[in-house]
Amino acid sequence: MKYSINLKNIKKIHLVGIGGISMSAIAKWLIKENSLVSGSDINKNDMFIELENLGVKIFIGHAKENILSNDIDLVIYNSAINEENIELKTAKELNIPIVKRSEFLGGIINLYKNKIGISGCHGKTTVTAMLTHVFDKEGLNPTSFIGGEDNVYSNFLGGDRNFIIFEACEFKKNFLDFNSDLAVVLNMDNDHLDSYSSFDEIVKTYNEFSKNALLIYNADDKNCLKLQNQSFISFGIENKCMYMAENLKEKEGKYSFNLYEYGRNLGRICLNIVGKHNVYNALATIAVARKYQISFDKIKKALKEFTGVKRRNEFLGEFNGKKIYADYAHHPTEIKAVLKSINQDFLIVFQPHTYSRTKNLMQDFVEAFKEVENLIIYSTYSAREEYQKEGSAFSLYEHLNKKVLYADNKDNLKDLIINCNKKSVMFLGAGDIYDIAKEIVKK
């Protein structure tokens, strides 16, 4: 039974973990619906400024008083919040309704006529942002929940109740809380193995997510071929499919290609973001847009103007005469894609994200970094997990078995960067390494 939303008798809503990308987007949606919103988080971030400007009351740190003093009608929490959290326990004691973020988002999704869910281990945020640009430029007034910060829309665009575009993440099987009319599966990979017993279970769950929708899938991803939908649209570069990119050309990391729709050449697409992986992201975007009869020319123009999202090969500034970039890549497949898109004149700084992922994919990480000549491994971002020695950043450093550097604090990291003779630095990771990179640039 999917969650049903009725805000008539719910005015004051509190979000535990409001600083997160997905939670802050829900806060923005609630403000658009005229709800009174408060929230708490452990650390302050840039998103707080946006939220406070919208009238959201924010508390730094989790405390009983955050619930007691605000006459709360509903509490929403994200999957990373422990059940022992003091605000959740207080809400339970007061019999205040509590709902998980994915369940509440599922309720939001059900309010919309056309539901477009973007899933896959890599590329969800870019495709969601691309589609938002295409649909907005077409004048379709979409509502979008973007799992990162788009350079134009940030993480949320509030439109009417016709189209909703949203990321559908497989972590803890959260995307099973969502109904989709179109279910995009960009790829399937060994990730979030702390949430699944095996890769077969991952495939089974993707099938469950997409079974009642029109499936749009990557025909070049061998795992996507395991999906069992009878109604589908395929896209790819290598294998024959419905939407194909041919005659690929690359210039300074950015790709252009001829788009074939069911064998017919519609014309040439030019992307303004780097990396061959973004050709796949563009194809997924095109397949969805064409399903809703958006013209090729409108799609072409929107994709040409799309400059990406933050933490995707993002230039941050300079430090000690070196150009500083950042990318969200934290899975071996994503890391390989980023490394392919840059040259050898980079120093790479990588922060592992969670001990379980590092432990489960240790050999894949070693393989991803084997050709990198200048690499710093930085202390793990633990997120929701307790320390595990065998999944630690230092353990990865030891497994790499070559001349790799290790930094366990910001000062040590800065010294290593200063002493490196490379002209550019790429910070990789999904944790606080992005904030550390921005802090280094500011200094």
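Modeller: Let's start with a pair of strands: β12 (residues 232-236) and β13 (residues 243-251) run parallel and are joined by 2 bridges. Strands pair if DSSP finds at least two bridges between them. The strands (E, at least two residues) and helices (H or I, at least four) are DSSP runs, numbered from the N terminus. This is a predicted model, in which local features need pLDDT of at least 70 and side-chain atom pairs count only at pLDDT 80 or more, while totals for chains, interfaces and linings use all residues. Residues are numbered from 1 along each chain as its sequence is written, and side-chain values use heavy atoms, with hydrogens and water left out.

Look at Phe235 and you will find Tyr243 of β13 opposite. On goes β13 to pair with β14 (residues 254-261), this time in the antiparallel sense, over 7 bridges. Ala245, for example, has Leu259 in β14 as its bridge partner. The hairpin formed by β13 and β14 has 2 residues between the strands, and Glu252 there takes a positive phi near 55°.

Now move along to an open sheet of 6 strands with mixed pairing, in the order β16-β17-β21-β18-β19-β20. Its edge strands, β16 (314-319) and β20, each pair on one side only. From one strand to the next, the twist averages 25°.

Helix α10 (residues 332-341) packs on it and touches β17 (322-327), β18 (346-350) and β21 (424-428), with a direction about 165° from that of β21. Helix α15 (residues 433-442) lies across β16, β17, β18, β19 and β21, at about 40° to β16. Angles run from 0 to 180 degrees between N-to-C directions, and axes are lines fitted to C-alpha atoms, for helices over the stretch in contact.

Let's zoom in on one residue beside the sheet. Val404 sits in the loop between α13 (393-400) and β20 (405-407). Val372 is 32 residues from Val404 in sequence, yet their C-alpha atoms are 9.2 Å apart in space.

Finally, helices also pack on each other. Helix α6 (residues 124-137) packs against α8 (residues 277-291) at about 45°, with 9 Å between their axes. The two are therefore oblique to each other (under 35 degrees is roughly parallel, over 145 roughly antiparallel, 65 to 115 roughly perpendicular, and the rest oblique). From α6, the contact is made by Thr126, Val127, Met130, Leu131, Val134 and Phe135, while the residues from α8 include Asn278, Asn281 and Ala282. Helix α8 also packs with α9 (residues 296-305), at an angle of about 145° and with axes 11 Å apart. In that contact, Ala282, Thr285, Ile286, Ala289 and Arg290 of α8 meet Phe296, Ile299 and Leu303 of α9.

Conventions. Contact = heavy atoms within 4.5 Å.
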